[in-house]
Amino acid sequence: MTHGPGISGLILEEPLLWEKGKQGRSAFSMPEQDVPEAFSEIDENLLESGIDFPDLSEVDVVRHYTRLSGWNFGVDTGMYPLGSCTMKYNPKINEKMAATPGIAMAHPLLADELSQGTLQVMFELQTFLANLTGMDAVSLQPAAGAQGEMAGMLLFAAYFRKKGEKRTKILIPDTAHGTNPASAALCGFKPVLLESSPDGTLDVQTVADLMDEETVGIMLTNPNTLGLFEESIREITAIIHAKGGLVYGDGANMNAVMGIVDFKRCGVDVMHLNLHKTFSTPHGGGGPGAGPICVVEKLQPFLPKPWVIKTGSSYHLEYDCPDSIGRLHAFFGNFSVLVKAYSYILSMGAKNLKKASQLAVLNANYVRESLRDVLHLAYEKPCMHECVFSDKIQNEYKITTLDMAKRLIDHGYHPPTIYFPLVVPGAIMIEPTETENKDDLDQFIAVFKDVIREGREDGERLRQAPTITKIRRLDETLAARRPCLVG
Amino acid sequence: MRYLPHTDTEIKEMLAVTGHDQLEDLFTHIPEECRYQGEVDLPEQLSEWALSDHFQSLGTHNSASSTKAVLLGAGSYSHNIPEIVPSLIGRSEFLTAYTPYQPEMAQGTLQGIFEYQTLTARLLGMEVANASMYDGASALAEAILMALRIARKKRTIAISTAIHPRYREVVRSYLQAGSFTIIELPLTKDGRTDLSGLQDIDDLAAVALQSPNFFGVVEDLATAADTIHDIKALFISCFSEPFAYGLFRNPGACGADIVCGEGQSFGMSQSFGGPGLGMFACRTKNQRTIPGRVVGETVDVDGKRGYVLTLSTREQHIRREKATSNICSNQGICALTAAAYMASLGGTGLRRVAKLNYDKADYLKKGMVQAGAKLLFSAPTFNEFALTFPNDFEPARKRLLDKGIIAGMGLGSFYKEYEGAYLFCATETASKAVLDAVIKEVQS
C-alpha cells in the first residue's frame with residue numbers, strides 16, 4: 001500500500017463557544033473611558049437588556065480557534081485537486097501587502113486626493129486584467145464570480161434596452177456552473193439548455209439552431225467545465241453576433257490560458273475572472289472572492305460605476321456614467337482581495353503567468369495519462385488544466401466516486417470535485433494546478449491507484465471511509481430534514 | 001519563480017508521459033485565431049523585496065498612513081481589533097480552505113460558521129442566520145428579493161430614504177431587471193422614517209428600514225413593526241453598524257421578519273471598503289427561502305455531533321435557474337472573523353464597547369452643539385449624527401485636515417436637500433483629545 005501524508009494524529013475535542021466560558025471573563029482590552037458616561041439619558045424603551053454571548057478569556061478564544069483549525073484542511077496543508085476551483089498556493093507575501101497600514105486603514109469615502117495609493121492599485125489592476133484577457137475595459141466591483149456573472153447579465157439587459165430590443169432568452173450549455181443559469185434568471189432571462197456534443201464540446205450547428213433574435217446571446221465557459229477547449233468558439237461567437245447577440249465568457253478556468261488565449265479575438269464580449277482562483281487569493285473556507293468583469297469597448301459605458309481613470313499623474317473615480325448598470329457593492333468590491341491579486345501579478349510578470357498556465361495544463365495532462373488505465377476517462381479530447389474521469393469501471397464492483405473520494409481523505413488528500421459536471425455520471429474532476437510538483441503528483445497518483453485496487457479487493461474499507469478524521473461520514477439527510485442552524 | 005516548482009528535468013519527464021516534446025505542444029489544438037498575440041503587456045516581475053518597497057510607497061500615497069484620526073463612518077467604521085482575531089483567523093488551515101464541500105476535512109470551518117450563525121442570530125434577535133452575503137448592500141438587495149418570493153404576487157416594496165444611499169443604489173441594480181416598484185419613504189423632522197403613507201400603497205410586499213439609519217438615528221423599530229404588520233407587509237430591518245445592538249434593542253426583539261446588514265465593524269479592517277460581511281437572518285418559518293449557504297448540525301455514522309452545509313436544494317448548484325440566489329462564494333473568512341470578534345468581546349464586552357461608542361459620539365455631539373452647530377435631527381443617535389453650521393464648516397474641515405484629522409462628510413453629494421450638513425462619527429477609537437480638537441476648531 002502506498003501511503004499519502006495522512007496518518008492518524010492527535011485530535012483535540014473542543015465544545016461550541018457557548019458551552020464554555022464564565023460570565024465576567026474577557027478577551028478584549030477595554031479602551032480608556034476618557035469621556036463622561038451618557039447612555040443613562042437614553043429612552044429605556046429603546047434599550048437592549050443584554051446580548052447572550054459567552055464571556056471568554058483570551059486563552060479560551062485562542063485554544064478554541066487553534067483546535068478548530070486542526071480539523072481543517074487547506075492548500076497549505078496538502079494537495080487540494082478540486083476541479084474547477086483552482087486551489088493553487090496562496091502566497092504569504094500577498095497577505096502582508098494587503099495589510100500595509102496605509103491601505104488596510106483606508107476609509108472608502110475620502111476625497112480622491114487622499115486615496116491616491118488605493119486608486120492607483122485599482123487603476124493598474126484594471127489595466128493588467130484588460131491586458132491579460134485581451135479585453136478593453138474592466139470593472140473590479142463584483143465581489144465574487146457569481147456577482148460578476150450577474151453584472152454581465154445586467155450589462156446584456158442594459159445594452160438591448162438601449163438598442164430598444166426586447167430579448168428574453170439566453171443559451172447556456174449543460175456543462176455550465178449552476179451560477180450561470182441562476183445569474184441569468186435573476187436578470188430576467190430564460191435559460192435555454194444547450195446540449196454538448198458527444199466529444200464534450202459545443203456543436204456549432206446546435207448553437208445555430210437555437211440562436212434567434214429573441215435570444216440575448218450565450219454564456220459559455222472556455223476552457224469548459226470538462227477541462228476541454230471549445231475549439232469552435234470563433235464560429236459560435238460569429239453565429240451569436242450575426243443575430244445581434246452578445247457572448248458572455250465565464251472566466252472560471254482562466255488558469256489554463258493566461259497569455260495563451262485572447263478572449264476578444266475569440267469573440268467574447270463580457271467575461272468575469274475569479275481572482276480567488278486564477279490570481280491566487282485564498283478562498284477563506286468560502287470567501288471572500290472577487291469577480292471583476294472585462295468587456296469590449298462598446299459595452300464599457302454600461303459597466304458598474306464608478307471606475308477609476310487616470311488624468312495626468314493622478315487617479316480619479318468616475319461617477320458620470322449615465323448608461324451604467326449602477327452599483328453592485330456599497331464601495332469598491334472586495335478591495336483587499338484586489339490588492340492580493342495585484343501583488344500576485346506583480347510578483348509573477350507576464351512570462352511566469354504564461355508559464356503557470358502551461359504547467360497547470362501539463363500537470364492535468366500528466367495526471368490524466370497516469371490514471372487513465374485505472375479510471376474511465378470521460379472524454380478523449382486533450383485536456384487543459386483539469387481532467388474528468390468517472391466511476392464507470394468501479395461501479396461493476398459497487399464502488400462509487402464518493403467512496404473513492406472519502407478514502408482519499410484518509411490518505412491526506414482533499415478529494416477532487418465529484419459528481420460535477422452533471423453530464424458525466426459519477427464525475428471525478430481533477431485540477432492539480434501548477435503549484436504541485438512532480439513528486440507530490442506521483443504520490444497522489446500512486447495513492448489513487450491503491451485506493452482503486454483496495455476498492456476491488458475490500459470494498460467495505462472504502463464505503464466506511466474516512467476513518468481517521470475527527471468525524472466520519474455525516475447524515476446530510478437528517479441535517480436537511482430537521483434543520484438545526486443555530487445552537 | 002518560487003511559486004512554480006517544476007525543474008526542467010521534471011518538465012521533460014512529464015512531457016514524455018503526456019506524449020509532447022515541449023510545453024507549447026499542449027496547446028496545439030487551440031485555433032490560431034484565438035491565440036494571444038505576443039507577450040502580455042505587464043510590468044517586469046518584482047522580487048519579494050522590491051514588491052514590499054512598492055507597497056510602502058503606495059501606502060504613503062494614502063492619507064490613512066499620515067492621519068491621526070478619521071471621524072467618518074457612513075458604512076465603514078474604525079474599531080479596535082484584538083490581535084488574537086487576525087492571528088487566529090489568519091491561520092492557513094482556515095484561510096486556504098475552499099467552501100466546505102467535504103465536511104470530514106472542514107469541521108473547523110463548519111463549526112466556526114455554525115457558531116457565527118448562532119452569535120449573529122442572538123445579536124439580531126432572530127431565529128436563524130445564513131453563512132454570510134457579500135456586504136450590507138447586497139444583503140439588503142437579497143433580503144428584498146426574498147421578501148418578494150415570500151409575498152408571491154405582490155410587486156411593490158417601500159424603502160426608507162434614510163437607508164444608506166449606496167445600499168439603495170445596489171437594491172436598484174439588483175431589481176432593475178424585474179418588474180418591481182420601489183417606493184422611497186420620506187423622513188419626519190426628527191430623522192426617523194415617516195410611515196404615515198404606507199396605508200395608501202397597494203401591492204406592498206415589504207418595507208425596509210435601517211437602524212441606526214444613515215444619519216445615525218435610532219428608528220423606533222417596535223412601532224414600525226406594528227405599522228408594517230398591520231398592512232400585511234414584511235418588515236426588513238437593516239444596519240451598517242452592528243455595535244448598536246450591544247446597547248439598543250435589536251430588530252428581532254422589535255418584530256422584524258428579515259434582518260440584514262454590514263458586519264465590517266466586527267473585526268475587519270476598513271480596507272477601502274472591502275471585504276466586509278453581509279450578515280443575514282430571518283425567522284425559522286422562512287428558512288427554506290433564505291439565500292446563500294447555511295451550516296447545520298447533524299451526526300456522523302458513529303452518532304457523533306458534526307456540521308455540514310445544508311438546505312442545498314435551495315441553491316444554484318442544484319436548483320440552477322430556480323435557486324433562491326445565485327450566490328456561491330460568500331465572505332467565509334470574514335464571517336469567521338466576526339465570530340472570533342464577538343467571542344472576544346463576550347456579552348459583557350459588547351455592552352461595554354457599545355456604551356463607550358455611545359459616550360464618545362455623545363461627547364462630540366454635545367460639544368459641537370455648544371460650539372454653535374445645530375443638530376439636523378433630534379431623535380437619539382448611535383455613533384453618528386448630522387450637523388448643520390451657522391457658518392460654512394468647510395474652512396474648519398480643511399484646517400483639521402492639515403492637523404491630520406479627517407472630520408465630517410458633506411451630505412450634499414448624497415442628499416441635495418441636506419447640502420451644507422455634515423455627518424460625523426466617533427467610535428471607541430477616537431480619543432478625547434481628538435474630539436476636543438474638532439470642537440475647538442468649530443468654536444473658533
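Predicted model: local features only at pLDDT ≥ 70, side-chain atom pairs only at ≥ 80, totals over all residues.

Reply: What follows goes through the helix packing, then the setting of the chains, and then the backbone.

In the pair formed by helix α4 (residues 116-133) of chain A and helix α10 (residues 335-371) of chain A, the axes come within 10 Å and cross at roughly 60 degrees. The two helices α4(A) and α10(A) are therefore oblique to each other, and their crossing is left-handed. On the α4(A) side the contact involves A:Val121, A:Met122, A:Glu124, A:Leu125 and A:Phe128, which meet A:Leu338, A:Val339, A:Ala341, A:Tyr342 and A:Ile345 of α10(A). By class, this contact of α4(A) with α10(A) holds 9 nonpolar residues, no polar ones and 1 charged.

Another pair in chain A consists of helix α5 (residues 145-163) and helix α6 (residues 179-186), whose axes are 9 Å apart and which pack at an angle of about 45 degrees. Here too the description is oblique, for α5(A) and α6(A), but the crossing of α5(A) and α6(A) is right-handed. The residues that α5(A) brings to the contact are A:Gly145, A:Ala146, A:Glu149, A:Met150 and A:Met153, while α6(A) brings A:Thr179, A:Asn180, A:Ser183, A:Ala184 and A:Leu186. Sorted by class, the contact of α5(A) with α6(A) has 5 nonpolar, 4 polar and 1 charged residues.

In chain B, the axes of helix α12 (residues 394-402) and helix α13 (residues 432-443) come within 9 Å and cross at roughly 140 degrees, an angle that makes α12(B) oblique to α13(B). The crossing of α12(B) past α13(B) is right-handed. It is made by B:Ala396, B:Arg399 and B:Leu400 of α12(B) together with B:Val438, B:Glu441 and B:Val442 of α13(B), and the residues of this contact divide into 4 nonpolar, no polar and 2 charged.

Of the residues of chain A, 60% count as buried, and among its contacts between residues at least 6 apart in sequence, 73% join residues at least 24 apart. Between the chains, 167 residues of chain B are in contact with 172 residues of chain A. Helix α11 (residues 332-370) of chain B supplies the largest share of the side of chain B that touches chain A, with 23 residues, and that side divides into 77 nonpolar, 57 polar and 33 charged residues.

For the backbone, most residues other than glycine have a negative phi, and most peptide bonds are trans. In chain A, a cis peptide bond joins A:Asn222 and A:Pro223, with omega about -5 degrees, and A:Pro223 is found in the loop between β4 (215-221) and α8 (233-242). A cis peptide bond also joins A:Phe420 and A:Pro421, with omega about -5 degrees, where A:Pro421 lies in the loop between β12 (417-418) and β13 (428-430) of chain A. In chain B, B:Lys232 has a positive phi near 60 degrees and is exposed, with 10 other C-beta atoms within 10 Å. B:Ser271 has a positive phi of about 40 degrees although it is not a glycine, but B:Ser271 is buried, with 27 other C-beta atoms within 10 Å.

Key: Residues numbered from 1 in each chain as written. Chains lettered and ligands numbered in written order. Buried ≥ 20, exposed ≤ 12 C-beta atoms within 10 Å, placed from the backbone. Contact = placed C-beta atoms within 7 Å. Axes fitted to C-alpha atoms, helices over the stretch in contact; angles between N-to-C directions. Helix = DSSP H or I, 4+ residues; strand = E, 2+ residues; numbered from the N terminus. Parallel < 35°, antiparallel > 145°, perpendicular 65-115°, else oblique. Left-handed = near helix turned anticlockwise from the far one by under 90°. Nonpolar A, V, L, I, M, F, W, Y, C, P; charged D, E, K, R; others polar.
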